[in-house]
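Work through these exercises with the structure open beside you. Try each task before you read its solution.

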Amino acid sequence: MDQNDPPSQIASQTDTTTTDDPDEATYVSSLPGPLGYVDMAIARVESVLLALGVLLMAANTVANVIGRYLFQSSLFFSEELNRVLIVVITFAGISYAARQGRHIRMSAVYDALPVRGRKILMIAIAVITAAFMFGLAWYSFEYTMTQASRGRVLPALQIPVWATLVIVPVGFFMTGLQYALTAVKNLIEKDVYLSTVVLDGYGDDEMEV
């Protein structure tokens, strides 16, 4: 890339593999109107769930190790709590990964297309994926309601099983929203976006759309 290239061309050649994740605490959506507020709300929920999940899992594991080796008494709920936190981190994480454009992609055909073809294909991918995520959110919600009707509780924590599954439909729903917003982002912007915040990388010989 030549240093004399205009700023618009330089910006369009962003390499998404070397871009750090934006700070969620200072994240400001570039989507217009209410869509921007929805985007920012999802970002806040993701950051809170992931931060709390990771910190609680670390604290729980450390406390269990200390109890086992210093006091010869493990925390009776430690393993069960970690299983719950893994579910929380996983289903909050799929939405976060969608925001950062980090989900695995089979891009052989996509990379061979011109810019306009990539934009059309990216919109189609985002819409279809959003539909699948919303479908999974509905089915997981029904499963959660089935568990609630059975009245089962966790043996150690003594909390309802359904309460530990609420994050599943929530995570699928947030991921569906994220892909839907990605489709909107590609419809209103000239460039191709892998997500609402990640611009697709261009080759050195390609110009901005």
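Buried means under 20% relative accessible area, exposed means over 50%, and partly exposed lies in between (1.4 Å probe, protein chains only). The model is predicted: local features need pLDDT of at least 70, side-chain atom pairs count only at pLDDT 80 or more, and totals for chains, interfaces and linings use all residues. Residues are numbered from 1 along each chain as its sequence is written, and side-chain values use heavy atoms, without hydrogens and water.

**Exercise 1. A loop residue**

Task: Find Gln158 and decide whether Gln158 is buried or exposed.

Solution. Start with the place. Gln158 sits in the loop between α5 and α6 (161-165). Next, take the relative accessible area, which is 52%. Gln158 is therefore exposed. Last, check the backbone. The phi of Gln158 is positive, near 60 degrees, in a residue other than glycine.

**Exercise 2. The whole chain**

Task: State how many helices and strands the chain has.

Solution. Helices (H or I, at least four residues) and strands (E, at least two) are DSSP runs, numbered from the N terminus. The chain has seven helices and zero strands. Along the sequence, the pattern reads α-α-α-α-α-α-α. Of the 209 residues, 36% are buried. Then look at contacts (heavy atoms within 4.5 Å). Among contacts with a separation of 6 or more, 70% join residues 24 or more positions apart. Finish with the surface. Accessible areas come from the Shrake-Rupley method with a 1.4 Å probe; for residues, only the protein chains shown count as cover. The accessible surface of the chain is about 12200 Å², and 68% of that belongs to carbon and sulfur atoms.

**Exercise 3. Helix α2**

Task: Compare the reach of α2 with its expected span.

Solution. The expected span is 1.5 Å times one less than the number of residues. Helix α2 has 38 residues. From first C-alpha to last, α2 reaches 56 Å, close to the 56 Å expected. Next, find the buried side. Buried residues of α2 include Gly36, Ile42, Leu50 and Gly67. The buried residues of α2 pack against α3 (78-99) and α7 (167-188). An α-helix has 3.6 residues a turn, so residues three or four places apart point the same way. Now take Val45, also in α2. With a relative accessible area of 35%, Val45 is partly exposed. Val45 and Ala92 are 47 residues apart in sequence, yet their C-alpha atoms are 8.2 Å apart in space. End at the end of the helix. Gln72 follows α2 and has a positive phi, near 50 degrees.

**Exercise 4. Nonpolar residues, inside and outside**

Task: Which residues make up the largest nonpolar core?

Solution. A nonpolar core is a set of buried Ala, Val, Leu, Ile, Met, Phe, Trp, Tyr and Cys residues joined through side-chain atoms within 4.5 Å. The largest has eleven residues: Val88, Phe91, Ile94, Ala98, Ala130, Met133, Ala137, Ile167, Val168, Phe172 and Tyr179. Helices α3, α5 (115-150) and α7 each give two or more residues to this core. Another core, of six residues, lies apart from it and includes Tyr110 and Val192.

Now turn to the surface. Val62, Ile66, Leu70 and Phe71 form a nonpolar patch there, with about 430 Å² of accessible area together. Such a patch takes residues with over 30% relative accessible area and no salt bridge; nonpolar side chains (Val, Leu, Ile, Met, Phe, Trp, Tyr) are joined within 5 Å, and like charges within 9 Å. Leu70 belongs to α2 (residues 33-70). Its relative accessible area is 59%, so Leu70 is exposed.

**Exercise 5. Charged pairs**

Task: How many salt bridges are there, and which residues does Asp39 link with in a network?

Solution. A salt bridge is a side-chain nitrogen of Lys or Arg within 4 Å of a carboxyl oxygen of Asp or Glu. The count is five. Asp39 pairs with Arg99, with the closest N and O atoms 2.9 Å apart. Asp39 is in α2 and Arg99 in α3, 60 residues apart. Asp39 is buried, at 0% relative accessibility. Arg99 is buried too, also at 0%. Asp39, Glu46 and Arg99 are linked in a network of salt bridges.

Take a second pair. Asp200 and Arg118 meet in a salt bridge at 3.3 Å, N to O. Asp200 lies in the segment after α7 and Arg118 in α5, so the pair ties together parts 82 residues apart in sequence. Both Asp200 and Arg118 are buried.
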